[in-house]
Every structure is written in structure tokens, then in C-alpha cells.
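Me: Can you walk me through this one? I'd like to go through the charged side chains and then the overall fold.

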Amino acid sequence: MAVRVHVVDEQTDRPVEAERWGALAEAVLHAEGVEGDAELSLLFVDEAAIAALNERYLAHEGPTDVLSFPIDDEPATAGGPPVLLGDVVICPEVAHRNAPAHAGTYEDELALLVVHGVLHVLGMDHEIPEEAEVMEAREQSLLAAHHRAAS
């Protein structure tokens, strides 16, 4: 039994280090207490694909940087049945465009989006200011421990 992250790069606009981002997602899952047999999909797509998902599922027009689709409501526990956590979908082209004004570098932006997406799959949100503060603080803590420390 293990936590598994399946990474698929379906775009060619920007380079993506699939193994690196899969390892970051796995580290976040472990840090958040996910144990047992659990799976997460991490997909990198182009602007057209993420725009279609954004419109279909959120009724928002145009591409975005990250979308999260939780599947199971309950986190995995040691010895429990397999849990499909969900999908995190990232658009590297939008990440690249947003990076200078947001996280700084393209790699830092991708790292932030991976962490942000995984936290959404695990149930965190930022719809109200108090939730946003908690989520942003957790993102920074996870990035410091699992991204910046490894860079």
C-alpha cells in the first residue's frame, strides 16, 4: 500500500519535470497525513484543454492556471480501502505567464500550483478571507519544506 501520484504531461508549450512535480505532490500528501492506498492524478495540459474544463465545470470563460477535482471525500487511512483522491490539472503556459507577477520563477509558480491544487483536493479552500489565510500559510509552509529546501 502506498500513496501514488500519476503524472501526465499532455502539452508541449512549456517543459515540465514530471518526476519532480509528482514527488512534490506526494510529499504534500504525506505531510497532510494521507496514508494507505491512495492515488492522485497530476495533469499538465495546454490552454485550450484547461479553458474547456474551466468552462464545463466552473462556468468560467478562458484558461486558468490550476483546477482541482476531488473524487473521494474521505482521506486514506492505513489499512483502509484504496482511495482515489482526485485530479489536479495545471496549465504550464498560464503558469509561465503569471510567474513574474506571482511566485517569481516558472518553477516556483509550478510548485505553488501543485501544492495549491493538492490542498484543494484534500478539502482546503480560499473562498472566505479566514480560509484563504490558513490555506496560504499552509502553502508557504509546504513550499518551504518540500520545494525551496530541495532547490
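Me: Is R97 buried, partly exposed or exposed?
Reply: This is a predicted model, and in it R97 is partly exposed, at 45% relative accessibility.

Me: What does R97 pair with?
Reply: R97 makes a salt bridge with E47, with the closest N and O atoms 2.7 Å apart. R97 sits in helix α3 and E47 in helix α2, so the pair ties together parts that are 50 residues apart in sequence. E47 is partly exposed too, at 25%.

Me: Which residue does E93 meet in a salt bridge?
Reply: R14, at 3.0 Å from N to O. E93 is in helix α3 and R14 is in the loop between β1 and α1, so this bridge ties together parts 79 residues apart in sequence. E93 is buried, with a relative accessible area of 17%, while R14 is partly exposed at 25%.

Me: How many salt bridges is that by the count?
Reply: The count comes to six. Among them are E17 with R20, at 3.2 Å, and a network linking R4, D37 and E39.

Me: And how many positive and negative side chains are there?
Reply: There are 7 positive and 30 negative ones, and the centres of the two sets lie 5 Å apart.

Me: OK, switching to the fold. What order do the elements come in?
Reply: From the N terminus, β-α-β-α-β-β-α-α-α, which comes to five helices and four strands.

Me: What's the radius of gyration?
Reply: The chain has 15 Å, which agrees with the value near 15 Å for a compact globule of 151 residues. Buried residues make up 40% of the chain.

Technical notes: Residues numbered from 1 in each chain as written. Predicted model: local features only at pLDDT ≥ 70, side-chain atom pairs only at ≥ 80, totals over all residues. Heavy atoms only, no water. Helix = DSSP H or I, 4+ residues; strand = E, 2+ residues; numbered from the N terminus. Rg over C-alpha atoms; globule rule 2.2 N^0.38 Å. Buried < 20%, exposed > 50% of the residue type's maximum accessible area, 1.4 Å probe, protein only. Lys, Arg positive; Asp, Glu negative; His and termini not counted. Charge placed at Lys NZ, Arg CZ, Asp CG, Glu CD. Salt bridge = Lys/Arg side-chain N within 4 Å of Asp/Glu carboxyl O.
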